[in-house]
Structures are given as structure tokens and as C-alpha cells.
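Reader: I am new to this structure and would like to learn how to read it, one feature at a time. Could you take me through it slowly?

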Amino acid sequence: MNKKKAISIRLLESDLERIKAKSLSQGLPYQTLISALAHQYAVGKIKLDA
């Protein structure tokens, strides 16, 4: 069973506003979008440019 855990993170206000705008255009809540991105990173589907 995959148990979810609530966390608290600090984001730049400008980043959060951009994420909210993108989630609105996708028709989903912004926290769901952030969770999906974190999951995709965790399983190796997306990588950061470093």
C-alpha cells in the first residue's frame, strides 16, 4: 500500500504562481501537479538539468 504523507515546502512565490497557472490550464489542483512531478522525478521518469 502506498501511504501518503503531508509535507511542507518553501517555494518562490513566482514559481508557485507559475505552477498554479499551469495546473489550472491542465484542469487539476496545483498540489496534485506538484505531487505528480515529484513522483515522476522519484521514479526516474524526469531528470533535472544540472
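Author: Let us begin with a single residue, bearing in mind that this is a predicted model. Y41 has a relative accessible area of 46%, and because that value falls between 20% and 50%, Y41 counts as partly exposed. Y41 is found in helix α2, which covers residues 30-42.

Reader: Which residues form a nonpolar patch on the surface together with Y41?

Author: The patch is formed by L37, Y41, I46 and L48, which together have about 390 Å² of accessible area.

Reader: How many helices and strands does the protein chain have?

Author: The secondary structure comes to two helices and zero strands. As for its extent, the C-alpha trace spans about 30 × 30 × 25 Å along its principal axes, and of the 50 residues in the protein chain, 4% are buried.

Reader: How should I describe the way in which two helices pack?

Author: Two packed helices are described by the angle between their axes and by the distance between those axes. In this model, helix α1, made of residues 13-26, packs with α2 at an angle of about 100°, and their axes are 8 Å apart. An angle from 65 to 115 degrees counts as roughly perpendicular, so α1 and α2 are roughly perpendicular to each other. On the α1 side the contact is made by L16, I19, K20, K22 and S23, while α2 contributes Y30, L33 and I34.

Reader: Is S23 buried or exposed?

Author: S23, whose place is in helix α1, counts as buried, because its relative accessibility is 4% and the cut-off for buried is under 20%. Leaving aside residues up to four places away in sequence, S23 touches L28, P29, Y30 and L33.

Reader: What is the relative accessible area of K22, and how far is K22 from L37 in space?

Author: K22, which is also found in helix α1, is exposed, with a relative accessible area of 57%. K22 and L37 are 15 residues apart in sequence, and from C-alpha to C-alpha they are 12 Å apart in space.

Reader: How should I read a pairing between charged side chains, and how many salt bridges does a search of the whole structure find?

Author: Side chains of opposite charge can pair when their charged atoms come close. A search of the whole structure finds one salt bridge, and it joins D15 to R18, with the closest N and O atoms 3.7 Å apart. Both D15 and R18 lie in helix α1, where they are three residues apart, about one turn of the helix.

Reader: How accessible are D15 and R18?

Author: D15 is partly exposed, with a relative accessible area of 33%, whereas R18 counts as exposed because its relative accessibility is 54% and the cut-off for exposed is over 50%.

Methods. Residues are numbered from 1 along each chain as its sequence is written. This is a predicted model: local features need pLDDT of at least 70, side-chain atom pairs count only at pLDDT 80 or more; totals for chains, interfaces and linings use all residues. Side-chain values use heavy atoms; hydrogens and water are left out. Patches are made of residues with over 30% relative accessible area and no salt bridge: like charges are joined within 9 Å, nonpolar side chains (Val, Leu, Ile, Met, Phe, Trp, Tyr) within 5 Å. Accessible areas come from the Shrake-Rupley method with a 1.4 Å probe; for residues, only the protein chains shown count as cover. A salt bridge is a side-chain nitrogen of Lys or Arg within 4 Å of a carboxyl oxygen of Asp or Glu. Helices (H or I, at least four residues) and strands (E, at least two) are DSSP runs, numbered from the N terminus. Buried means under 20% relative accessible area, exposed over 50%, partly exposed in between (1.4 Å probe, protein chains only). Axes are lines fitted to C-alpha atoms, for helices over the stretch in contact, and angles run from 0 to 180 degrees between N-to-C directions. Angles under 35 degrees count as roughly parallel, over 145 as roughly antiparallel, 65 to 115 as roughly perpendicular and the rest as oblique. Contact means heavy atoms within 4.5 Å.
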